[in-house]
Amino acid sequence: MVERLARHVGELAVLTDLDGTLAAIRPRPEDVTIVDGAREALTALARRAALVAVVSGRGIDDLIRIVAVPEIAYAGNHGMEFRRPGRDPAPDPDAARHRPALERFASRFRGAFDDHDIEVEDKGVTLSLHYRRSGDRERAARFLTGAVARAARDDGLVPTPGRMILEIRPPVKLDKGTAARALVAESGARRALFMGDDHTDLDASRALRAMCEEGLLDEAVSIGVDGDEVPREVVEEADLVVDGPDGALQVLRDLGQARGRRGTPDP
Ligand SMILES: [Mg+2]
């Protein structure tokens with residue numbers, strides 16, 4: 001499957017998640033680093049593919065700091081922020097309008113988050129509430145999915161669970177799927193692949209599949225990156241399953257090194 005895509009690399013959009021996909025999960029999200037060799041593989045692929053993009057739940061600045069490849073596109077905060085190559089990062093204007101509501105919500109729960117060892121990551125247009133480091137994860141998870149999620153909904157915000165995380169998002173219909181669709185459409189690619197390891201990545205895979213059904217793409221491939229705590233749907237819905245970030249890196253290398261029919265060879 002990867003070989004076939006590699007033969008068409010010049011018309012291929014390559015989109016990938018970061019955490020758990022091109023970077024091993026760490027207890028502290030700020031300690032995460034991209035897997036060795038991935039920067040080189042992304043850079044090489046950017047010279048040949050129609051699009052290379054990292055699509056992540058992280059804030060855009062954090063995402064660019066960790067990946068640090070200037071030649072590729074980025075969508076941060078689940079499609080609420082973008083950075084195209086050679087351009088400044090820009091938040092989605094609809095998402096930015098809900099910033100004051102998010103600030104009010106965060107200040108209301110500040111003490112309770114401390115009591116539960118819940119780490120608050122302010123990503124500008126969204127909040128990430130991490131409980132991976134909580135002394136009592138079950139209690140923290142119950143608190144987040146109960147009282148906190150209810151309060152967020154009452155405030156018109158959207159609580160969204162992930163891996164050891166509850167994200168509080170503004171009520172705008174943006175996700176990794178809308179991000180993937182926008183980036184792929186403007187790239188002119190006829191084929192696309194998405195690699196990911198979590199629920200939110202399925203939005204992207206499904207969006208690309210929908211683009212196929214609408215005739216906007218000739219082929220869409222979903223690659224599931226397996227590992228600890230990876231939801232089974234990620235594996236079940238994937239066209240191809242690879243093992244951890246090393247498996248994902250190998251896919252990038254295979255795509256970047258093959259002689260594409262319309263791609264240009266590396267100098
Ligand atoms: Mg991930």
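Me: How far apart do the C-alpha centres of domain 1 and domain 2 lie?
Reply: This is a predicted model. The protein is divided into domain 1 (2-92 + 174-257) and domain 2 (95-169). Their C-alpha centres lie apart by 26 Å.

Me: What should helix α6 span, and how far apart are its end C-alpha atoms?
Reply: Helix α6 covers residues 137-154, which is 18 residues. At 1.5 Å a residue it should span 26 Å. The end C-alpha atoms agree with that, at 24 Å apart.

Me: Where does α6 bend?
Reply: The angle of the bend is about 35°. V148 is also one of the buried residues of α6. The bend is at V148.

Me: Which elements do the buried residues of α6 pack against?
Reply: The buried residues in α6 are A140, F143, L144, V148 and A152. In an α-helix, residues three or four places apart point the same way, because there are 3.6 residues a turn. The packing partners of the buried residues are α5 (99-115), β7 (127-130), β8 (158-162) and β9 (165-169).

Me: Which residue just after α6 takes a positive phi?
Reply: Helix α6 runs over residues 137-154. Just after α6 comes a residue with a phi of about 80°. That residue is G156.

Me: Is H78 buried or exposed?
Reply: H78 lies in the loop between β3 (73-76) and β4 (81-83). Its phi is positive, about 55°, although H78 is not a glycine. Most residues other than glycine have a negative phi. H78 has 27 C-beta neighbours inside 10 Å, so it counts as buried.

Me: Is E229 buried or exposed?
Reply: E229 sits in the loop between β11 (219-226) and α9 (232-236). Phi of E229 is positive too, near 70°. Within 10 Å there are 10 other C-beta atoms, and the cut-off for exposed is 12 or fewer. E229 is therefore exposed.

Note on methods. Residues numbered from 1 in each chain as written. Predicted model: local features only at pLDDT ≥ 70, side-chain atom pairs only at ≥ 80, totals over all residues. Helix = DSSP H or I, 4+ residues; strand = E, 2+ residues; numbered from the N terminus. Expected span 1.5 Å × (residues − 1). Bend = angle between axes of the 7 residues up to and from the residue. Buried ≥ 20, exposed ≤ 12 C-beta atoms within 10 Å, placed from the backbone. Contact = placed C-beta atoms within 7 Å. Domains from an automatic or database assignment.
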